[in-house]
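Subject: The structure I promised you

Hi,

Here is the structure we talked about, for you to open and click through. Have a look around first, and then read my notes below.

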Amino acid sequence: MGDWRRSHTCADLRPENIGQEVCLMGWVQRRRDHGGVIFVDLRDREGLTQVVMSPEYNKDVHAVADSIRNEFVVAVKGKVGMRPEGTLNDKLPTGHVEVMVDELKILNNSNTPPFMIDDFTNANEDIRLKYRYLDLRRRKIQNNLITRHNIVRNMREYLYDKGFLDIETPFLTKSTPEGARDYLVPSRVNPGKCYALPQSPQMFKQLLMVGGYDKYFQIVKCFRDEDLRADRQPEFTQLDIEMSFIDREDLMELLEGLFIQIFDRVKGVKLDRGFPRMSYDDAMEKYGHDAPDTRFDMFLKTINELVADCGFKVFREVVAEGGVVKAINAKGAGQKYSRKDIDSLTELAVSLGAGGLAYIKVNEDGLQSPIVKFLGDSADKIVSEMNGEPGDIIFFGAGKKDIVNLYMSKVRLRLGKELGLIKEGDYSFVWVLDFPLLDYDAEAKRYVAMHHPFTAPLDEDIPLFDTDPGQMRAKAYDLVLNGSEIGGGSIRIHRSDVQEKMFSALGFTPEEREYKFGFFIEALKYGTPPHGGIAFGVDRIATILTGSDSIRDVIAFPKTQKATDQMSEAPNNVDEKQLKELCMKFEVVESD
RNA sequence: GGGGGCGUAGUUCAGUUUGGUUAGAACGCCGGCCUGUCGAGCCGGAGGUCGAGGGUUCGAGUCCCUUCGUCCCCGCCA
């Protein structure tokens, strides 16, 4: 670079800069060689500027420009000029000007990149992940990461303004038995013992409340050793918040304000206060899912009463055996959905555990369906109950409740998408409230915490600890955006006696309780204030706000579905010497 | 642990259903021409372990088995 310094970015120059001597540095997006004049689009993260090397203007510079190629890093000094009439480019913000180059330095050359870095080609993800540093140069990814930056910046600014303290908590922590699998870190100075990376800073943030820091937040990595999905990575980022002396209304009000600010400043979208609310039970009944996509209606409806005595054996038996029959009216799908489309929808349902996907097509001249002859009178009642009109198709799921909900919720989403009920740029928030406190784990034959074991039950439900724990409801709340759970939290248990009851309900022996959570129960005995909090998935929020399909598109260096890094090839084998220092020996055994 | 999709030139794909001559296209790359382009244009050229291994066959990109990679989903993720 010598003593050269940039005077502008590649997005700065405008007609008002004409005549100025400037110095730009960046990557060669593209070189257009006309035999005489050579044009180069110079790129940095701000934008593109055309620089011009003409043999008439400067012969030496033109000769050097002959050798440059895509992705070379170059510096130019020159004069800003107006482009000749008829050659203005309105697609670029800098498209009315260009830099006539007086001096050109090649700061570094580049191998031909394995894929084109532009807006038009789209290499597959595996090659993009292997050369992630090149993928990061693409405008789409850069915009994603800039949007993510703006989201995080607004989170910080909003919470600073509200008097929150940003406090760090440890990464090397104690493994807890509940929840996700832990990533373990062996301790060299404590041979045979391990730390666990936090699944979330849950206990630490509660202990900060005990410590008197009544408004805390942190934007922090969390780690869970579970299988990956399009919206799940083994390390992900949470906005973690905890407050004392509040109830859930206080939190919801605070957080609505946060999202109103983020959407306003990041997307220019004005949101209204008072996000809709829905009970967990309602969400499961109408959407079949605890993270309902409320961008469109088209609800599921349980029709057990209508089919309990009907002539269709499948429905009748499901009701008799305690299952559910749920219906959904695909309004106006009759025209659009061929037999093949219905088969494809059936395949989706079957892949998720359905026996099949019954349907009734409502035509002008009557009902068309493989099951209508069995249903008899019930068919008309069902159609009327579902507001069926000519042109509609009513789909049915029947079976065990959670399986029906699973596939009917996916069927609903697919219908919503295919029937065009979801518009680009729609953002629909909903609070989901009153979750069950506990969930029965048939395999482990015990209750597990639906949210986590520190969640407070509704006050009126506390007596149920001793009689019917399964019926208890929690002071928990999830914030759902466009069918994606972006955050969840609860009012916590702040009394040690209630916390002990909770651990008992979860089937911990006093010894286990003491070994795993003794320090925490002890802390609750020293004047713990009422408190509660929430955690948001920063990656998921960024995914939605950038319109991305995958969480990987908003993470600079994401991992594949097998939790590997294709670029660095992590995880890898470690030296025998490193293991020895840890007093460890690997024995890889087949898992079953 | 299970279900499904994909894997062919540097990249994105066609070809696989129904096995048959020398495996194609576009973009990129290299060379030539070209002084106002902006996904520049024209001409020419190079470039292939058809993911890997095994099998069937006179013959396999194509059929079968095994395996690896990658993506989506179920389980799992308090």
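One term before anything else: a contact means heavy atoms within 4.5 Å. Helices (H or I, at least four residues) and strands (E, at least two) are DSSP runs, numbered from the N terminus.

Now the housekeeping. This is a predicted model, where local features need pLDDT of at least 70, side-chain atom pairs count only at pLDDT 80 or more, and totals for chains, interfaces and linings use all residues. Residues are numbered from 1 along each chain as its sequence is written, chains are lettered from A and ligands numbered from 1 in the order in which they are written, and side-chain values use heavy atoms, with hydrogens and water left out.

**The whole chain**

The predictor's confidence in each residue, from 0 to 100, is called pLDDT. Chain A averages 95, and 99% of the residues score at least 70. For the complex, the predictor reports an ipTM of 0.94 and a pTM of 0.95.

You'll find 18 helices and 22 strands in chain A. Its C-alpha trace spans about 90 × 75 × 50 Å along the principal axes. Of the 592 residues in chain A, 47% are buried (buried means under 20% relative accessible area, exposed over 50%, partly exposed in between, with a 1.4 Å probe and protein chains only). The chain exposes about 30,600 Å², and carbon and sulfur atoms supply 48% of that (areas come from the Shrake-Rupley method with a 1.4 Å probe; for residues, only the protein chains shown count as cover).

Contacts also reach across the sequence: of those between residues at least 6 apart, 67% join residues at least 24 apart.

**Helix H7**

Start with H7, residues 280–287. Which of its residues are buried? They are Tyr-280, Ala-283, Met-284 and Tyr-287. They cover an arc of only 105 degrees around the axis, which puts them on the same side of H7 (the arc is that of the directions from the helix axis to the C-beta atoms). These buried residues pack against strand S11 (277–279), S12, strand S13 (324–330), helix H14 (401–418) and strand S17 (429–433). Just after H7 comes Gly-288, with a positive phi of about 75 degrees.

Further along, in the loop between H7 and strand S12 (300–302), sits Met-298. Its phi is near 50 degrees, a positive value in a residue other than glycine. That's worth a second look, because most residues other than glycine have a negative phi, and most peptide bonds are trans. Is Met-298 buried or exposed? Met-298 is buried, at a relative accessible area of 12%.

**Helix H13**

H13 covers residues 377–385, and its buried residues are Ser-378, Ala-379, Ile-382 and Val-383. Looking down the axis of H13, these fall within an arc of 135 degrees, so they line one face of the helix. On the face turned away from that buried side are the exposed residues Asp-377, Asp-380, Lys-381 and Ser-384. The cover over the buried residues of H13 includes helix H8 (304–307), strand S14 (358–363) and strand S16 (393–399).

In the loop between H13 and S16 you'll come to Asn-387. Its phi is near 55 degrees, again positive in a residue other than glycine. Asn-387 counts as exposed, with 53% relative accessibility.

- Phe-259 lies in helix H6 (residues 248–267) and counts as buried at 0% relative accessibility. Leaving aside neighbours within four places in sequence, Phe-259 is in contact with residues including Leu-271, Phe-275, Phe-429 and Ile-541. The C-alpha atoms of Phe-259 and Asn-154 are separated by 9.2 Å, though the two are 105 residues apart along the chain.
- Asn-144 is in helix H4 (residues 139–161) and is buried at 4% relative accessibility. Not counting residues up to four places away in sequence, Asn-144 touches Thr-546, Ser-548, Asp-553 and Val-554.
- Ala-570 and Pro-571 are joined by a cis peptide bond, with omega about -5 degrees. Pro-571 is in the loop between helix H17 (538–545) and helix H18 (576–581).

Happy clicking!
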